[in-house]
Amino acid sequence: MNAYRSSMIAAILLGGFVAGTIDVGAAALIYQVNPLLILHTIASGLLGRAADGGGADVAALGLVLQWLMSLTIAAIYVFAAQRLAILQRSWVAGGLAYGAGVFLVMNYVVVPLSRAMAKPHFPHFSPAHFIENLIAMLLFGVIVAFFASRVPHRATLAG
């Protein structure tokens with residue numbers, strides 16, 4: 001495997017796993033609940049109400065789903081940063097913008113369409129929870145952008 005591909009994979013894995021894991025912790029802090037409950041809630045997106053009261057197996061499924069989503073989100077940014085150099089040069093601004101976009105997509109597209117809800121609906125945040133969740137996604141975006149900014153452009157490696 002060449003250095004370029006290795007650095008892209010490393011950025012995706014590190015960005016996805018670090019941001020995804022911190023995101024679970026942030027949600028637990030925001031809602032003042034055990035992180036296992038957050039993982040059960042994530043699993044409910046696939047299992048629906050069957051996730052309620054689940055054990056370690058449901059929490060493990062939630063963690064796997066969280067990491068799969070996080071890795072996908074990180075991969076999108078890493079690939080975009082290779083096409084748009086400004087995302088690497090201005091990685092903090094790029095990460096903040098990306099985090100805001102992820103917040104919108106997750107809360108107003110993914111969650112309403114998941115099996116966690118009996119029927120699709122939009123989230124109802126208190127103003128404080130809206131701000132806290134937005135900040136958590138801004139942090140998520142900045143973490144992903146940080147790792148993406150460390151990937152050299154293919155042209156740099158060839159020269």
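In this predicted model, helices α5 and α6 are oblique to each other, because their axes cross at roughly 130° and angles count as roughly antiparallel only over 145 and as roughly perpendicular only from 65 to 115.

**Stop 1: α5 and α6**

Select residues 91–113 for α5 and 127–149 for α6. The two axes come within 7 Å, and α5 passes α6 in a right-handed crossing. Now show the side chains where they touch. On α5, pick W91, V92, G95, L96, G99, A100, V102, F103 and Y108. Facing them on α6 are F130, N133, L134, M137, L138, G141, V142, A145, F146 and S149.

**Stop 2: α3 joins α5**

From α3, the contact uses M69, I73, I76 and Y77; from α5, it uses W91, G94, G95, Y98, V102 and M106. Sorted by class, this contact holds 8 nonpolar, 2 polar and no charged residues.

**Stop 3: α3 against α6**

Select S70, I73, A74, Y77, V78 and A81 on α3, then F140, V144, A145 and A148 on α6, to see who meets whom. This contact divides into 9 nonpolar residues, 1 polar residue and no charged ones.

**Stop 4: the largest pocket**

Time to look at empty space. Rolling a probe the size of a water molecule over the atoms shows where empty space is left. The largest pocket holds about 1,200 Å³ of space. Which residues lie closest to its centre? Select I38, T41, I42, N107 and V111, the closest of the 43 residues that line this pocket.

Now colour by helix. α1 (3–31), α2 (35–47), α3, α5 and α6 each supply at least two residues of the lining. Which helix gives the largest share? That is α2, with 8 residues. Finish by colouring the lining by class: 27 residues are nonpolar, 13 are polar and 3 are charged.

Note on methods: Residues numbered from 1 in each chain as written. Predicted model: local features only at pLDDT ≥ 70, side-chain atom pairs only at ≥ 80, totals over all residues. Heavy atoms only, no water. Axes fitted to C-alpha atoms, helices over the stretch in contact; angles between N-to-C directions. Helix = DSSP H or I, 4+ residues; strand = E, 2+ residues; numbered from the N terminus. Contact = heavy atoms within 4.5 Å. Nonpolar A, V, L, I, M, F, W, Y, C, P; charged D, E, K, R; others polar. 1 Å grid on protein atoms, 1.4 Å probe; cavity = no way out; pocket = protein on both sides within 12 Å on 5 of 7 lines; lining within 4 Å. Points joined across faces, edges and corners; volume = space filled by probe spheres on them. Parallel < 35°, antiparallel > 145°, perpendicular 65-115°, else oblique. Left-handed = near helix turned anticlockwise from the far one by under 90°.
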